[in-house]
Amino acid sequence: MPAPRAAEQAARTGWVARLAAFGYRAPAPVPVAGRLVPPMPDGPGVTPDRVPPSPLLLRAGVRLPDPLWSWLCRWSGWLGPIGVALFGALLRFWHLGTPGGIIFDETYYAKDAYALWQNGYETNWSDGANSQILGHPQVIPYKTDPAFVVHPPVGKWIIGVGEQLFGMHPVGWRFMVALLGSLSILMLARIARRLFRSTLLGCVAGLLLSVDGLHFVMSRTALLDLVVMFWILAAFGFLLLDRDHTRGRIARLLDESPDSVRAHAMKLGLRPYRLAAGVCVGLTCSTKWSGMYVAAFFGLLTVFWDLGARRLAGARRPVWTTLRRDALPAFASIVVVSAVVYVSSWSGWLASSSVPGKGGYGRDWAVGRHGLSSEFVSLPVLGKVRMPFQVDMTWVPAGLRSLWHYHGQMYDFNVNLHSPHMYQSNPWSWLVLGRPVSFYYESPKFGQSGCRASECASEVLAIGTPLLWWAGLIGLVYCLFRWALRRDWRAGAILCALGAGLLPWFEYQTRTIFLFYAVAFVPFLVLAATMLVGALIGPSGASYERRLVGGAAAGVLVLLIVWNFLYFYPLYTGQVIPMTDWRARMWFTSWI
């Protein structure tokens with residue numbers, strides 16, 4: 001070795017020796033394959049056939065049979081998340097039909113879902129439809145004349161599945177949303193386990209999502225935003241699987257050492273998990289247009305992950321190699337696939353009649369009309385932009401031209417919605433829960449609806465569990481530190497996914513928007529809080545005392561969040577409580 005390098009190595013060794021006196025231990029060198037795909041903590045093929053008994057259980061006087069204990073350890077990566085998900089599902093399905101009426105915007109989506117399953121497109125309803133639907137005997141005043149709606153149909157198709165199974169009742173239109181909310185808990189637990197390589201942290205993430213108030217309320221209300229959250233989380237999970245699967249393939253091609261030639265020339269092959277992510281992004285867009293930003297964020301995320309993989313593999317010009325070999329397939333997998341899924345989601349509308357008044361709203365617009373491209377195009381940030389020329393578009397099928405015109409009307413409505421609402425809020429205030437939304441409120445007097453005080457309150461308040469959100473905010477600061485200064489890809493992934501759900505709303509600060517839109521990024525706020533919990537526990541190589549104190553602090557934090565959820569539980573479920581108890585839970589005047 002040349003003398004300068006030897007001297008540098010000697011100096012570094014001296015510093016390591018000095019730091020060792022303060023408890024520092026230099027990390028052991030990790031081979032390229034281990035850096036590309038860190039091993040999972042447990043599972044078939046990872047956990048040995050026989051696992052020694054747990055010292056903690058032995059100390060408590062409990063010893064399970066060795067085969068049973070080994071089986072539990074081997075499958076803990078599934079058993080733990082499933083157990084947490086069942087707990088969350090029990091909370092969400094318990095008295096799902098309460099309140100027993102149509103609350104907040106259920107008045108739109110429950111009826112639109114029913115119409116979609118009847119006719120393939122949304123229809124108008126009479127003014128007294130709600131009371132007739134909830135009456136005894138029930139009357140469903142369904143009409144066939146088309147209605148103008150401003151959201152794509154997938155979320156309403158999903159809500160309608162429950163109505164087909166259980167009827168046009170509160171349980172019917174809330175069932176599928178509750179099911180997706182419960183499944184998202186299982187998904188997040190598995191995602192966190194893979195992200196942090198820890199079954200414990202995976203279960204913590206699932207538990208925290210189970211007891212988040214906003215996620216809980218939205219899982220019990222037939223609105224579209226929980227469906228948006230589900231597909232965003234599913235897309236993130238598939239991208240995470242694609243990352244591990246692709247890096248595993250690269251590790252097998254490298255023969256355990258970097259190779260610049262192979263890193264440049266290797267083809268990553270068919271990537272079904274990324275295609276599945278594109279389908280999920282398309283379903284997000286087909287529920288609400290906010291999914292378009294998810295396509296942009298996640299498309300960049302997967303490209304940057306490929307860039308990091310090729311750099312680790314030894315590529316001399318990883319940026320150029322990634323742009324040449326990976327950028328276009330990533331665009332096709334995320335953007336093109338999601339666009340195809342989006343157009344397909346309108347199949348019911350496209351299949352409806354083009355006879356005026358007989359099909360979906362605006363279905364007949366292009367019939368007999370000469371096709372010409374728009375003179376103006378509305379673009380994010382830039383606003384309305386004049387096109388330099390117009391193109392004859394008559395060759396495009398009339399149904400697609402009608403759909404394009406309909407989308408122009410929908411876009412104008414969405415960006416120009418400025419009607420004041422008492423519960424509207426600004427995205428700057430969302431992370432601190434500045435202005436929640438009351439979905440349902442009644443104030444019964446003594447003897448009414450079980451009220452045992454002079455005055456009571458019954459409310460369904462769409463607000464996150466405060467301690468969880470504030471811990472998540474601290475977790476986001478920690479993620480910024482880890483990503484900016486330590487280049488921790490996990491922190492960057494969390495920030496990217498959360499930014500996809502939050503940052504686009506800052507472009508529409510004058511529009512009428514609400515806190516419950518934030519449910520789209522709640523899982524990633526939970527992941528930030530979980531990463532903070534992991535930091536409190538400490539690394540596996542830390543001293544026993546450090547892990548003991550850190551584990552106790554993390555446990556106290558999780559228990560406080562669970563207590564906070566239970567404290568606000570009456571406000572999440574519409575329970576009748578004394579007015580004094582209701583006021584005690586209004587921690588800030590902006591919550592009233």
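Predicted model: local features only at pLDDT ≥ 70, side-chain atom pairs only at ≥ 80, totals over all residues.
Leaving aside its neighbours within four places in sequence, which residues is Leu527 in contact with? Taking contact as heavy atoms within 4.5 Å, the residues that Leu527 touches are Leu188, Ala192, Leu195, Phe196, Ala205, Phe236 and Ile494.

Residues are numbered from 1 along each chain as its sequence is written, and side-chain values use heavy atoms, with hydrogens and water left out.

Leu527 belongs to the largest nonpolar core, which has 138 residues, and stands with Phe298, Phe439 and Phe516 among those with the most contacts inside it. By such a core I mean a set of buried Ala, Val, Leu, Ile, Met, Phe, Trp, Tyr and Cys residues joined through side-chain atoms within 4.5 Å, where buried is under 20% relative accessible area, exposed over 50%, and partly exposed in between, with a 1.4 Å probe and protein chains only. Helix α12, residues 225-254, supplies the largest share of this core, 13 residues; helices (H or I, at least four residues) and strands (E, at least two) are DSSP runs, numbered from the N terminus. A second, separate core of 11 residues includes Ala251, Met266, Ala309 and Ala315.

Let me turn to strand β6, residues 456-462, which is largely enclosed by the rest of the structure because seven of its seven residues are buried. In a regular strand the side chains alternate between the two faces of the sheet. In β6 both faces are covered, with Cys456, Ser458, Val460 and Ala462 buried on one side and Ala457, Glu459 and Leu461 buried on the other. Two strands pair if DSSP finds at least two bridges between them, and β6 runs antiparallel to β5, residues 437-442, through five bridges, with Tyr441 partnered by Glu459. Three bridges join β6 to β7, residues 576-578, again antiparallel, and here Cys456 stands opposite Pro578.

Finally, helix α4, residues 66-74, has Trp69, Ser70, Cys73 and Arg74 as its buried residues. They lie on the same side of α4, because they cover an arc of only 135 degrees around the axis, the arc being that of the directions from the helix axis to the C-beta atoms. What covers these buried residues includes α3, residues 55-59, and α5, residues 76-93.
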